[in-house]
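Biologist: Please take a close look at one part of this model. I would like a single helix and then the sheet beside it in the chain's description.

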Number of protein chains: 2
Amino acid sequence: MSRHRKDAVIESIFQALADRTRRQMIERVSQSPATVSELARPFSITLAAAVQHVQLLERSGLVRTEKQGRVRLVMIDPAGLSTLRLWLDDRRNLWETRLDGLSAILRENPKR
Amino acid sequence: MSRHRKDAVIESIFQALADRTRRQMIERVSQSPATVSELARPFSITLAAAVQHVQLLERSGLVRTEKQGRVRLVMIDPAGLSTLRLWLDDRRNLWETRLDGLSAILRENPKR
DNA sequence: ATAATAGTTAAGTTTCCACTTGACTATTTT
DNA sequence: AAAATAGTCAAGTGGAAACTTAACTATTAT
């Protein structure tokens, strides 16, 4: 997978999770699969808005969905958040190798 | 810390990282501290824009800064990303307790 | 002291994002 | 078959976000 593509995936994940409504939808769906209507209910938004949120979450890889009859089931896709975890681990490795120097800097600046 | 406040912190972190320019700034600063001008250079943006990005990153807790003379040094704040890590761990626990049921569902839907 | 450098702030512009309404399709229910 | 339900799509609106320019302050170099 190209660096650019990978970055686009990460970007869509951060964008998806930057919205409070979508974070709560993820939370809900982490418990058990839910329909789009069920995801809309707790918020004062139209069904159309909920559909858009779900589509965005699906494009980012955070959820999978499956249409069953006239209902669409939305379920968590563990792959989505492990992508995020991998990104986070990579970044942490980056600065942990530098942590000795950094901690020296932090020691000089005890504020916070 | 209240749930609402905590959520606001998480939100600001996701929002900060949803922007490609800011993610690259974080990447740069993970290696070693950098000035605002140094952070602006790789991108075709004005210094003023870079200042705004840095301010946003600082408000989200992802970086610390310190003014030295006419220069502002920007450095990674490990606390920022560990907040993100904690959030991620919490969510993972949520659905890992549900993973047995979920994997059954996934087995029924081998697509992907 | 003057000039150059680094950053900051305010204000305006453009672009993007969340949301709504309204028309439409497909599936259940009655 | 008709009515209700669940979702989808397109187009439009409003507000937030990213960016610019321009005027200004503080520090360092000549």
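Modeller: Start with helix 5 of chain B, residues 78–96. Helix 5 of chain B has 19 residues and reaches 26 Å from its first C-alpha to its last, close to the 27 Å expected at 1.5 Å a residue (the expected span is 1.5 Å times one less than the number of residues). Helices here are DSSP runs of H or I with at least four residues, strands are runs of E with at least two, and both are numbered from the N terminus.

This is a predicted model, where local features need pLDDT of at least 70, side-chain atom pairs count only at pLDDT 80 or more, and totals for chains, interfaces and linings use all residues. Residues are numbered from 1 along each chain as its sequence is written, chains are lettered from A and ligands numbered from 1 in the order written, and side-chain values use heavy atoms, without hydrogens and water.

Buried residues of helix 5 of chain B include B:Gly80, B:Leu84, B:Trp87, B:Arg91 and B:Trp95 (buried means under 20% relative accessible area, with a 1.4 Å probe and protein chains only). Seen down the axis, the buried residues of helix 5 of chain B fall within an arc of 160 degrees, so they line one face (the arc is that of the directions from the helix axis to the C-beta atoms).

Now the sheet. Chain B has an open, antiparallel sheet of three strands, ordered 1-3-2 (strands pair if DSSP finds at least two bridges between them). Strand 1 (34–35) and strand 2 (63–68) of chain B each have a single partner, so one side of each lacks a neighbour in the sheet. Two bridges join strand 1 of chain B to strand 3 (residues 71–76). There, B:Thr35 has B:Leu73 as its bridge partner.

Note on methods:
Buried < 20%, exposed > 50% of the residue type's maximum accessible area, 1.4 Å probe, protein only.
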